[in-house]
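Here are a few notes to read alongside the model. Take your time and look up each residue as you go.

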Amino acid sequence: MSATSAPGREQELRSGLETVRARIERACAESAREPSEVGLVVVTKYFPASDVRLLAGLGVTDVAENRHQEAEAKAAECADLGLRWHFVGGLQSNKATAVAGYADVVESVDRAKLVPRLDRAAAERGHALEILVQVSLDGPDAEHRSGVDPAELLGLADRVAQAEHLELAGIMAVAPLGENPADAFARLREHRELLVSRHPAATRLSAGMSGDLEEAVAAGTTHVRVGSAILGPRPPVH
């Protein structure tokens, strides 16, 4: 934990949460949406389990990690809190089974190879696993970030939907670097509409982070993934 005392850290997190929730409320008002339509997932990567405990005490119910080793340890340490754990990072095939052992939601499924591994692990755990298919919003000439090519979105979604122990919950994306997030999320809205036309129950849309949550709310996101705007700058990683 940082040198900040626990009471001081709790106040920092409280302030960050209040600021982000106010941003969500303003964005919803501008888009004629109800704030209850937009959930908040706090991304706690690089921050200690003590912060997760403080966040839970402040009413946070959903937290996210993007590195398996850190996520597994933190989820075990905070198992008594009853939180929903989201895995949002690039998922290696050889880590899929382990991630399914603690995650409630995997938001970064971007290739078919992951599906049977996650399905088997969910069966062994006896716990259905919610899946969001991550779609790439990068153009053909952009530096590629994670995500399935939009042309392959429905095929991958079909594979997830056919898995006995996986629940196709929706779609996730990250706005490309250097592009207006509003333009990127407009494409995401179209991808989501296509997905829902094939899978009507897959209505979840995960988009928006600290720097672009307003644009994501305008595009219809159902939850935003916020880290630094709540927790502050990343602590040094040794």
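Is the crossing of α1 and α2 left-handed or right-handed?

1. The crossing of α1 and α2 is right-handed, a word used when the near helix is turned clockwise from the far one by less than a right angle. Please keep in mind that this is a predicted model, where local features need pLDDT of at least 70, side-chain atom pairs count only at pLDDT 80 or more, and totals for chains, interfaces and linings use all residues. Residues are numbered from 1 along each chain, and side-chain values use heavy atoms, leaving out hydrogens and water.

2. Helix α1 covers residues 6-30 and helix α2 residues 49-57; their axes come within 10 Å and cross at roughly 60°. That makes α1 oblique to α2.

3. Where do the two helices meet? A6, R9, E10, L13 and L17 of α1 meet D51, L54 and L55 of α2, with contact meaning heavy atoms within 4.5 Å. By class, this contact has five nonpolar, no polar and three charged residues.

4. Now find K74 in helix α3 (residues 68-77). K74 is buried, with a relative accessible area of 5%; buried means under 20% (1.4 Å probe, protein chains only). Beyond residues up to four places away in sequence, K74 touches T44, K45, Y46, F47, A49, V52, E65 and W85.

5. The largest nonpolar core has 68 residues, and I230 is one of those touching the most other members. Helix α1 gives the most to this core, with six residues. Leaving aside neighbours within four places in sequence, the contacts of I230 include L13, L17 and L55.

How values were computed
Axes fitted to C-alpha atoms, helices over the stretch in contact; angles between N-to-C directions. Helix = DSSP H or I, 4+ residues; strand = E, 2+ residues; numbered from the N terminus. Parallel < 35°, antiparallel > 145°, perpendicular 65-115°, else oblique. Nonpolar A, V, L, I, M, F, W, Y, C, P; charged D, E, K, R; others polar. Buried < 20%, exposed > 50% of the residue type's maximum accessible area, 1.4 Å probe, protein only. Core = buried A, V, L, I, M, F, W, Y, C linked by side-chain atoms within 4.5 Å.
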